[in-house]
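Please examine the structure shown below before reading on.

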Amino acid sequence: MATHMSRCRSWSRVQRFGIAAYRKYSSGGGYPNISLSSPLPGIPKPVFASVDGQEKYETKITTLENGLRVASQNKFGQFCTVGVLVNSGSRHETKYPSGIAHFLEKLAFSSTAQYGSKDEILLTLEKHGGICDCQTSRDTTMYAVSAEVKGLDTVVSLLSDAVLQPRLLEEEIEMTRMAVRFELEDLNMRPDPEPLLTEMIHAAAYGGNTVGLPRYCPINNVDQIDKKVLHNYLRNYYRPERMVLAGVGIEHEQLVECARRYLLDVKPVWGVSSAANVDLSVAQYTGGIMKMDKDMSDVSLGPTPIPELTHIMIGLESCSFLEDDFIPFAVLNMMMGGGGSFSAGGPGKGMFTRLYLNVLNRHHWMYNATSYHHSYEDSGLLCIHASADPRQVREMVEIITREFIQMSGSAGEMELERAKTQLKSMLMMNLESRPVIFEDVGRQVLSTGKRKLPHELCTLISNVTASDIKRVTTKMLRSKPAVAALGDLTELPSYEHIQAALSSKDGRLPRMYRLFR
């Protein structure tokens with residue numbers, strides 16, 4: 001039977017390609033002497049679908065009378081993602097106890113004027129196959145719901161209630177205090193120190209102003225935040241002119257109609273003030289160092305524990321996402337790449353990035369070297385996170401400072417093209433997901449009032465040159481470094497030595513001569 005099936009398949013290939021072609025390309029004959037980049041002869045030319053020219057109109061924006069912006073993008077499918085984004089986050093807590101944004105994230109979608117409990121909200125969404133979530137960052141708070149398109153009216157009504165009419169009951173606030181305490185405890189015990197290091201490097205880089213304020217509620221503030229503090233904050237920051245209602249997978253006119261019905265003349269539960277007392281401070285980059293000497297031996301227990309490591313993050317000021325240099329910095333970050341020493345994969349996973357080739361492939365004792373780029377509306381931070389055995393911290397720091405200095409050298413044509421292609425690929429693959437499109441539409445409209453489409457961003461990425469990379473790196477190296485260090489810090493060089501290394505030509509730390517070791 002198997003022999004008969006094999007013969008049938010062979011005969012079908014002969015009929016399809018002809019005897020000569022079958023002999024030439026079948027596994028029985030020799031390998032064809034044709035480059036992989038050239039089309040095979042005898043194969044018909046492919047016909048690709050063309051764009052109808054409507055792409056530039058795909059993101060529609062309407063501003064209502066109260067200042068609320070409604071942004072949408074239609075997308076085929078029976079489900080939609082709709083949400084409210086608010087220009088509010090931990091950077092706006094200068095006049096308040098830090099941690100309000102953290103509390104609001106935990107309190108989201110609890111009881112409201114219309115719904116008696118979180119369970120009622122979830123049951124309502126279940127009727128439309130829906131889920132809800134709230135996320136806060138340093139500059140944005142996002143309430144989002146994914147559900148069937150047929151339930152749009154219910155979804156917008158629910159969002160309006162969750163954002164503008166939360167009850168904030170005392171038992172809900174007490175439960176949130178417990179959740180926050182648990183999260184802070186978990187943050188210190190987590191094997192992955194990246195969230196904690198990110199907190200530390202922002203505090204070091206911005207010296208306690210704007211984006212340097214803590215994203216997680218400090219333990220001392222947990223009992224200070226109550227309903228009165230929350231209402232005072234919400235009255236100033238949860239205003240329609242600071243909000244965007246964004247939707248993906250729905251008709252724009254339908255979303256605008258729902259916005260008029262549920263978000264236009266709604267009075268918030270905390271009342272309305274004539275003038276908002278909003279903090280408009282611009283981020284002031286200061287540089288500095290934040291150290292946490294910590295015993296990491298109990299972080300990972302078990303039969304095969306992770307080795308006790310020291311983690312270092314070094315950063316320099318980049319630029320805001322509103323500046324033209326944002327795209328070259330994004331390409332530079334992709335060119336640096338990196339990851340963990342156990343990361344599996346191939347070229348598509350960044351194995352040809354500089355931190356892999358120059359650091360992880362050459363220094364087997366380093367467990368991690370990863371580049372990160374954090375960008376905000378008025379500043380940015382490009383940093384490298386590295387981890388190694390505590391005895392080799394000094395050598396690790398010197399390797400990272402050398403990588404920063406080498407960024408200002410000329411980028412090779414192939415590595416630059418690879419980084420640009422990888423960045424475009426990552427952008428386009430992420431924008432296949434409906435929730436990611438929603439967040440992209442909402443964040444862009446909230447910060448700029450308009451949206452750059454993917455093909456525009458791809459064009460900007462393609463236009464980045466080696467001289468652009470050199471220019472932005474030279475500018476970045478003029479800033480003072482921000483350093484975050486976690487673990488056994490006995491061998492950590494002083495901040496002045498790290499600063500001197502980043503000001504030198506080769507990135508080497510000043511030599512230290514000790515009489516006794």
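## Two buried tyrosines

Tyrosine 233 and tyrosine 237 are both buried, where buried means under 20% relative accessible area, exposed over 50% and partly exposed in between, with a 1.4 Å probe and protein chains only. The model is predicted, so local features need pLDDT of at least 70 and side-chain atom pairs pLDDT 80 or more, while totals for chains, interfaces and linings use all residues. Residues are numbered from 1 along each chain as its sequence is written, and side-chain values use heavy atoms, leaving out hydrogens and water.

## Aromatic pairs

The structure holds 7 aromatic pairs. Rings of Phe, Tyr and Trp (its six-membered ring) pair if their centres lie within 6.5 Å; planes under 30 degrees apart count as stacked, over 60 as edge-to-face and the rest as tilted. Tyrosine 96 and tyrosine 237 form an edge-to-face pair, with 6.5 Å centre to centre and 70° between the planes. Tyrosine 96 lies in the loop between S3 and helix H3 (100–107), and tyrosine 237 in helix H8 (residues 227–237), so this pair ties together parts 141 residues apart in sequence. Helices (H or I, at least four residues) and strands (E, at least two) are DSSP runs, numbered from the N terminus.

Tyrosine 237 is buried, with a relative accessible area of 1%. Tyrosine 233 and tyrosine 237 form a stacked pair, 4.8 Å centre to centre and with 25° between the planes.

## Strand S6

In strand S6 (residues 243–248), 6 of its 6 residues are buried. Met243, Leu245 and Gly247 point one way from S6, and Val244, Ala246 and Val248 the other way.
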